[in-house]
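Reader: Could you walk me through this model and the terms used for it? I would like to see each value set beside its definition.

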Amino acid sequence: MSKKKGLSLEEKRSRMMEIFFETKDVFQLKDIEKIAPKTKGITPMSVKEVLQSLVDDNMVDSERVGTSNYFWAFPSKALHARKRKLEDLEKLHEDGKQRRAALQQAVKKAKEGRQDTEERASLHKELVSLREQRETLHAELQKYKECDPEVVEEMHSCSWLQEWNPV
């Protein structure tokens, strides 16, 4: 009572490619629709969909001649496509290596004047303390902002405030 599980799309695609590579022939759609279910177990309903996905991915070539569509794929094309892909990836890898080397050089150059010395450490401590002092003074200034004559004058000039609290 086990159910027969269907093939995945990738399995169907690889089996369809096997048809082309084994026969090294040119097919019409109706020929592939007859061959694929018999030899590779691809359901007849999905043959056209699988074939179209292979054409879209440039794994199978197609050409319209008159009123007929012809499909073909030869092993040499797949080999050339893989070689091209490998060359592209190698070029990308080489570019990445060069970029990495350039970044490492930039980091090394940036670190040259930044050795941890006693003077640098004391300047850093001074900078941190001055920043803390600035924050403290800023907070205190915000606390006394209500007493600032300009702010008070602006508050008096607001029409809605005059109606609420006339001077």
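**Values and their definitions**

Author: Gladly! The accessible surface of the protein chain is about 14400 Å², with 54% of that belonging to carbon and sulfur atoms. Such areas come from the Shrake-Rupley method with a 1.4 Å probe, and for residues only the protein chains shown count as cover. This is a predicted model, where local features need pLDDT of at least 70 and side-chain atom pairs count only at pLDDT 80 or more, while totals for chains, interfaces and linings use all residues. Residues are numbered from 1 along each chain as its sequence is written, and side-chain values use heavy atoms, with hydrogens and water left out.

Reader: What makes up the pattern read along the sequence?

Author: The order is α-β-α-α-β-β-α-α-α-α, from seven helices and three strands. Helices (H or I, at least four residues) and strands (E, at least two) are DSSP runs, numbered from the N terminus.

Reader: Why are helix 2 and helix 3 called roughly perpendicular?

Author: Helix 2 (residues 29-40) and helix 3 (residues 47-56) pack at about 115 degrees, their axes 10 Å apart. Axes are lines fitted to C-alpha atoms, for helices over the stretch in contact, and angles run from 0 to 180 degrees between N-to-C directions. Angles under 35 degrees count as roughly parallel, over 145 as roughly antiparallel, 65 to 115 as roughly perpendicular and the rest as oblique. The pair is therefore roughly perpendicular.

Reader: Which residues meet where helix 2 packs on helix 3?

Author: Leu29, Ile32, Glu33, Ala36 and Pro37 in helix 2 meet Val47, Lys48 and Leu51 in helix 3; contact means heavy atoms within 4.5 Å. By class, this contact has six nonpolar, no polar and two charged residues. Ala, Val, Leu, Ile, Met, Phe, Trp, Tyr, Cys and Pro count as nonpolar, Asp, Glu, Lys and Arg as charged, and the others, Gly among them, as polar.

Reader: What makes helix 1 and helix 3 roughly perpendicular to each other?

Author: Their angle is about 80 degrees, with the axes 10 Å apart, and the pair is therefore roughly perpendicular. Among the residues in this contact are Met16 and Phe20 of helix 1 and Val50 and Leu54 of helix 3.

Reader: Which residues of helix 3 are called buried?

Author: They are Val47, Val50, Leu51, Ser53, Leu54 and Val55. Buried means under 20% relative accessible area, exposed over 50%, partly exposed in between (1.4 Å probe, protein chains only). Their cover includes helix 1 (9-23), helix 2, strand 2 (61-65) and strand 3 (68-72). Of the 167 residues of the protein chain, 15% count as buried.
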